[in-house]
Amino acid sequence: MAMSNDEAGGADARERQDQTATYSTDFGRATASFVPASPSSLNEEQLSAINALPSGSALLIVQRGPNAGARFLLDSDEATAGRHPDADIFLDDVTVSRKHAVFLRSGSTFEVKDLGSLNGTYFDGVRIDRVILHDGSEVQIGKYILTFFASRRDLAQAAN
């Protein structure tokens with residue numbers, strides 16, 4: 001069955017919408033000058049959420065990009081991040097691949113692994129394939145810059 005011009009145009013539009021856009025040079029320069037969040041720069045609600053984290057969990061807070069201030073709880077062994085609506089961490093922007101990265105937990109240690117995304121995943125400003133996260137680490141996925149906060153209970157145990 002032949003498609004009408006309207007149907008063909010709709011299919012082309014959907015296909016373009018499903019494609020990941022690449023960064024512009026200006027965007028790269030803007031994120032390079034980003035100052036990471038510290039506990040002193042967080043509001044009372046964010047600090048309260050971090051302090052309430054149970055052992056074996058962590059929190060990602062969007063510091064920059066669409067949905068700044070959004071929080072994502074990491075409390076399972078695997079959490080996918082991407083533009084796909086079924087992603088555990090749904091990041092709705094064309095600079096994010098549908099299956100962009102995965103956050104992995106082993107005990108109380110977390111790491112982030114890029115899943116072959118077009119724009120890459122960055123850790124403290126450096127493109128990575130896989131890296132262990134530490135409290136205060138910055139992870140960039142597309143236009144989103146997220147700060148990783150570990151459970152305060154786990155940090156206290158590690159210090160002893």
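## Overall build

The secondary structure of this chain consists of four helices and 11 strands, and the model that shows them is a predicted one. Of the chain's 160 residues, 37% count as buried. Among the contacts with a separation of 6 or more, 47% are made by residues 24 or more positions apart in the chain. The accessible surface amounts to about 9,000 Å², and carbon and sulfur atoms hold 48% of it.

## The second largest pocket

The second largest pocket has a volume of about 170 Å³. Its lining is made up, by class, of seven nonpolar, three polar and two charged residues, and the residues that line it include Ser 108, Ile 132, His 134, Asp 135 and Asp 154.

Which elements each supply at least two residues of this lining? They are the strands β6 (109-114) and β11 (144-150) together with the helix α4 (152-159), and α4 gives the most, with three residues.

## An aromatic pair

The structure holds one aromatic pair. Phe 110 and Phe 148 form this pair, which counts as tilted, with 5.7 Å from centre to centre and 55 degrees between the planes. The pair links distant parts of the chain, since Phe 110 lies in strand β6 and Phe 148 in strand β11, 38 residues apart.

Are these two residues, Phe 110 and Phe 148, buried or exposed? Both Phe 110 and Phe 148 are buried, and both also belong to the residues that line the second largest pocket.

Definitions and conventions: Residues numbered from 1 in each chain as written. Predicted model: local features only at pLDDT ≥ 70, side-chain atom pairs only at ≥ 80, totals over all residues. Heavy atoms only, no water. Buried < 20%, exposed > 50% of the residue type's maximum accessible area, 1.4 Å probe, protein only. Contact = heavy atoms within 4.5 Å. Areas by Shrake-Rupley, 256 points an atom, 1.4 Å probe, with all protein chains shown as cover. 1 Å grid on protein atoms, 1.4 Å probe; cavity = no way out; pocket = protein on both sides within 12 Å on 5 of 7 lines; lining within 4 Å. Points joined across faces, edges and corners; volume = space filled by probe spheres on them. Nonpolar A, V, L, I, M, F, W, Y, C, P; charged D, E, K, R; others polar. Phe/Tyr/Trp six-rings, centres within 6.5 Å; stacked < 30°, edge-to-face > 60°.
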